[in-house]
Amino acid sequence: MSVLVVGSVALDSVETPFGKADEVIGGSATYFSASASHQTPVQLVGVVGNDYPVERLQALADRGVDLAGLEHMDGESFRWRGRYRHDLNSAETLETRLGVFSHFRPKIPVQFRNAEYVFLGNIDPRLQLEVLKQVEKPRLVACDTMNFWIESRRDDLLELLGHVDLITLNDGEARQLTERSNLVHAARWILERGPTTVVIKKGEHGAFMFTANSVFFAPAYPLESVFDPTGAGDSFAGGFIGYLARTGDLSEASMRRAVVHGSAMGSFVVEGFSITRLLEITRADIVRRVAEFHELVSFDKTIDA
Ligand code: AMP
């Protein structure tokens with residue numbers, strides 16, 4: 001089953017301790033699609049300006065990403081400039097230029113409206129809400145957000161929480177949104193406002209999945225070199241939701257496997273700038289890495305004392 005994603009399609013300029021990339025393709029919808037397309041077909045909704053190098057998105061189309069919902073508007077594309085210092089877990093935003101995103105009203109193509117799996121990538125929560133009004137009866141609606149929107153559109157974000165089944169956010173965002181420093185309390189605060197599942201990502205320290213009566217934790221893959229963390233969160237979401245859409249299984253056991261698929265995709269994308277690594281890897285690489293995760297956390301629980 002395919003996944004519908006709405007989110008930013010960006011030009012990113014990124015500095016890390018290992019190098020610089022200027023105006024490379026990025027954005028929440030772009031990373032999500034590149035990642036999820038390893039599991040299932042993807043339908044993308046977003047907007048670009050007339051300065052966007054759309055030919056660079058052909059690689060996504062070749063991988064089964066339907067770009068019929070990508071609007072082309074007069075004006076500047078969305079641009080994000082960020083920097084990572086030695087703590088690769090948190091990006092410092094140097095500049096956000098919304099460009100055509102400030103006038104964008106998402107229009108979901110008729111053929112996308114019966115989507116069963118919907119991912120509302122990181123964009124203005126008012127746009128995320130507009131998308132929900134246009135889809136018919138999804139089986140699973142998931143969303144993501146970031147500090148920029150928590151600060152500027154808090155009320156809309158709280159309204160959105162009442163309409164989604166699942167939210168992914170990183171630990172800093174969870175603390176900021178809930179004003180709780182303890183992540184278990186933060187997750188509970190969110191669960192009380194709508195979603196039945198909350199995934200809190202902690203960068204190189206793994207990810208927690210909370211429901212009303214369970215907690216699951218998956219580590220991050222212990223990589224020797226992290227080159228550029230940009231897109232790790234969206235690639236996580238792509239692996240996670242893509243896995244659920246491919247299997248159609250929303251049981252707790254499947255959700256746990258989905259978290260590991262998300263972590264695996266996050267671990268690939270950070271090995272290079274932009275979506276480069278996501279375009280290079282194969283299904284076999286993903287299967288191998290998921291098996292390595294299993295090895296990483298398996299232990300004999302026999303009590304010998
Ligand atoms: P992440 O997966 O969390 O590292 O997200 C990375 C992507 O988020 C980058 O490619 C940016 O283009 C995009 N991004 C940054 N700020 C915003 C924003 N305010 N709204 C939408 N997308 C953003």
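Q: Where does Ser 274 lie?

A: Ser 274 is in the loop between H9 and helix H10 (276–280). Helices here are DSSP runs of H or I with at least four residues, strands are E runs of at least two, and both are numbered from the N terminus. This is a predicted model: local features need pLDDT of at least 70, side-chain atom pairs count only at pLDDT 80 or more, and totals for chains, interfaces and linings use all residues. Residues are numbered from 1 along each chain as its sequence is written, and side-chain values use heavy atoms, with hydrogens and water left out.

Q: What is the phi of Ser 274?

A: Positive, about 55°, although Ser 274 is not a glycine. Most residues other than glycine have a negative phi.

Q: Is Ser 274 buried or exposed?

A: Buried, at 9% relative accessible area. Buried means under 20%, exposed over 50%, and partly exposed in between, with a 1.4 Å probe and protein chains only.

Q: And Glu 179, buried or exposed?

A: Exposed, at 63% relative accessibility. Glu 179 has a positive phi of about 55° too. Glu 179 sits in the loop between helix H6 (171–178) and helix H7 (183–191).

Q: Which polar atoms of the protein lie 2.7 Å from a ligand oxygen?

A: A polar backbone atom of Gly 27 is 2.7 Å from an oxygen of the ligand. A polar side-chain atom of Asp 234 also lies 2.7 Å from a ligand oxygen. The protein covers 89% of the 510 Å² of accessible area that the ligand has on its own, by the Shrake-Rupley method with a 1.4 Å probe.

Q: Now the second largest pocket. What is its volume?

A: About 250 Å³. A pocket is an open set of points on a 1 Å grid over the protein atoms alone, with protein on both sides within 12 Å along at least five of seven lines; lining residues have an atom within 4 Å of a point. The volume is the space filled by probe spheres set on the points.

Q: Which element gives the most to the lining?

A: H11, with four residues. The lining includes Phe 216, Arg 256 and Phe 293.

Definitions and conventions: Polar contact = N/O pair within 3.5 Å; in protein donor to acceptor, adjacent residues only side chain to side chain. 1 Å grid on protein atoms, 1.4 Å probe; cavity = no way out; pocket = protein on both sides within 12 Å on 5 of 7 lines; lining within 4 Å.
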